[in-house]
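Hi,

Here is the structure I said I'd pass on. Have a look at it first, and my notes follow below.

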Amino acid sequence: MKPLTDTQKQRFVKAIKYLALAIATSIAMALGLTSCNVTRTITTESKSLTQGDTAIIIQVKTIESYNAKKN
C-alpha cells in the first residue's frame, strides 16, 4: 500500500469533516423535531376602589403547559 499524497490527505480530511457535520446536523434535527413544549400564562386582573384610597386588587393567574411528540 502506497502512502497517501498531500492532495489525497487533504481530500480525506475534508471528507471526514463533511461526514462529521452531516452526522451532527442529523442528530440536531432529530432532537429538535421530535418534541415540543409550550407554556401559556394567562393573567386576569380586576381592580375596585372603595372608601378613601383603599384599593382592592383581585388577580388570577393560570399557567397551562403542553407537551407533544411527533410520531
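**What I found**

Leucine 31 lies in helix α1, residues 6-33. Before going further: this is a predicted model, where local features need pLDDT of at least 70, side-chain atom pairs count only at pLDDT 80 or more, and totals for chains, interfaces and linings use all residues. Residues are numbered from 1 along each chain as its sequence is written, and side-chain values use heavy atoms, with hydrogens and water left out.

Helices (H or I, at least four residues) and strands (E, at least two) are DSSP runs, numbered from the N terminus.

Back to leucine 31: its relative accessible area is 63%, so it counts as exposed (exposed is over 50%, buried under 20%, partly exposed in between; 1.4 Å probe, protein chains only). Together with Leu19, Ile23 and Ile27, Leu31 forms a nonpolar surface patch of about 410 Å² accessible area. Patch members have over 30% relative accessible area and no salt bridge; nonpolar side chains (Val, Leu, Ile, Met, Phe, Trp, Tyr) are joined within 5 Å, like charges within 9 Å. Areas come from the Shrake-Rupley method with a 1.4 Å probe, and for residues only the protein chains shown count as cover.

There is one salt bridge (a Lys or Arg side-chain nitrogen within 4 Å of an Asp or Glu carboxyl oxygen). Arginine 40 pairs with glutamate 64, with the closest N and O atoms 2.5 Å apart. This pair links strand β1 (residues 35-49, arginine 40) to strand β2 (residues 55-69, glutamate 64), the two residues being 24 apart.

Cheers
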